[in-house]
Amino acid sequence: MELTFLGTSAGTPTRARNVTGLALQHGGPRQWYLIDCGEGTQHQLLRTRLSVMQLRAIFITHVHGDHTFGLPGLLTSASMSGRTEPLPLIGPPQLQPFIEAALANTDSSLGFELSFINAESADFRWQDDAVRVTSFPLSHRVPCHAFRFEETRLERKLLTDRLEADGIEAGPDWGRLQKGQDIRLPDGRLACVDDYTTIPRSPRKVVVAGDNDTPELLTDACRDVHLLVHEATYTQDVADRVGPWPQHSSARQVAGFAEAAQLPNLILTHFSSRYQFGGNRGPVIGDIAAEARQAYSGNLHLARDFQRYRLNQDLTLIEIDE
Ligand SMILES: [Zn+2]
């Protein structure tokens, strides 16, 4: 499972950071999912190896423009690039009138089917052949959700001793068992896949949260999760000065939650545009990192645009530099 940050700035872009967009790669070669689509996301994509042709679904956490204004351009560009594969657009119900109005008022159309799926419905679940996705409500100025991605289709290991002991010989049947299928033996017996194979590792689970002022709402979502991606718009002193209205989290809040929830990996993103990477004028991203480190002892990262991370099968998270 790989993550590529396409934008890490809150509200407005800066010269170094675009507004929110995150690519999650998993499944087939170059297959990926987009979570949030701030303005300019399609330009950011041009600087990666990701293609809209292999995009499997788009997830939108909430309707604010810094998470959605990139959709009309990205969708129409995908169409102009020749995409015909249907595309699920998963998020708040307002996405449908927003996209339909944008298309209808600009003489635009899509050459593929866009299916709108309401992620706010109580029974929301979505799944394809590689991931299973659920949503969890957060606290923000508008309805906002976190998405939890869990990998499916784990590799099975054959229990060869047991197969041989039961007289099931190596051959196509072993292949079927490894693919997760029960098999019918020549003598009519049914051999169940769970009796002859094991899954030697746990499925990787990642929670990507939208804007949120109450990280504790993610307690259930984060149970047994290996990575949380969460906004940390400000340090606590700035959050106190700004006041509660924007309904964002400080680094201290998120880090404190991640520590209490014993999350092994935490990536912070969605930094207020007032924070720069360096220099001596104004606050820097390092201030957010330092505050988070005081409260969180796990593996902490502060995302930068185009930074890639891999959550390995052994559940370690590393930065990818190639
Ligand atoms: Zn927002």
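**Note on the predicted model**

1. The chain is divided into domain 1 (2-154 + 201-320) and domain 2 (157-198); these bounds come from an automatic or database domain assignment. The C-alpha centres of domain 1 and domain 2 lie 41 Å apart.

2. This is a predicted model, in which local features need pLDDT of at least 70 and side-chain atom pairs count only at pLDDT 80 or more, while totals for chains, interfaces and linings use all residues. Residues are numbered from 1 along each chain as its sequence is written.

3. An open sheet is formed by eight strands in the order S7-S6-S5-S4-S3-S1-S20-S21, with mixed pairing. Its edge strands, S7 (114-118) and S21 (317-320), each pair on one side only. From one strand to the next the twist averages 25 degrees, where axes are lines fitted to C-alpha atoms and angles run from 0 to 180 degrees between N-to-C directions. Strands (E, at least two residues) and helices (H or I, at least four) are DSSP runs, numbered from the N terminus. Two strands pair if DSSP finds at least two bridges between them.

4. Strand S1 (residues 2-7) has five of its six residues buried. A residue is buried if 20 or more other C-beta atoms lie within 10 Å of its own, exposed if 12 or fewer, and partly exposed in between, with C-beta atoms placed from the backbone. S1 runs antiparallel to S20 (residues 308-311), joined by three bridges; Glu 2 has Arg 310 in S20 as its bridge partner. S1 also runs antiparallel to S3, with five bridges, and here Leu 3 is partnered with Leu 24.

5. S3 (residues 21-25) pairs in turn with S4 (residues 32-37), in the antiparallel sense over five bridges. In S4, Trp 32 is the bridge partner of Gln 25.

6. Val 208 is in strand S15 (residues 205-208). Val 208 counts as buried because it has 24 C-beta neighbours inside 10 Å. Leaving out residues up to four places away in sequence, Val 208 touches Leu 22, Ile 35, Ala 146, Phe 147 and Val 229; contact requires C-beta atoms, placed from the backbone, within 7 Å. Ile 267 is 59 residues from Val 208 in sequence, and their C-alpha atoms are 9.5 Å apart.

7. Helix H9 (residues 251-260) is largely enclosed by the rest of the structure, because seven of its 10 residues are buried. Among them are Ala 251, Val 254 and Phe 257. The cover over the buried residues includes strands S16 (227-231) and S17 (265-269) and helices H8 (236-242) and H10 (285-295). After H9 comes Gln 262, whose phi is positive, near 55 degrees.

How values were computed
Two residues are in contact if their C-beta atoms, placed from the backbone, lie within 7 Å.
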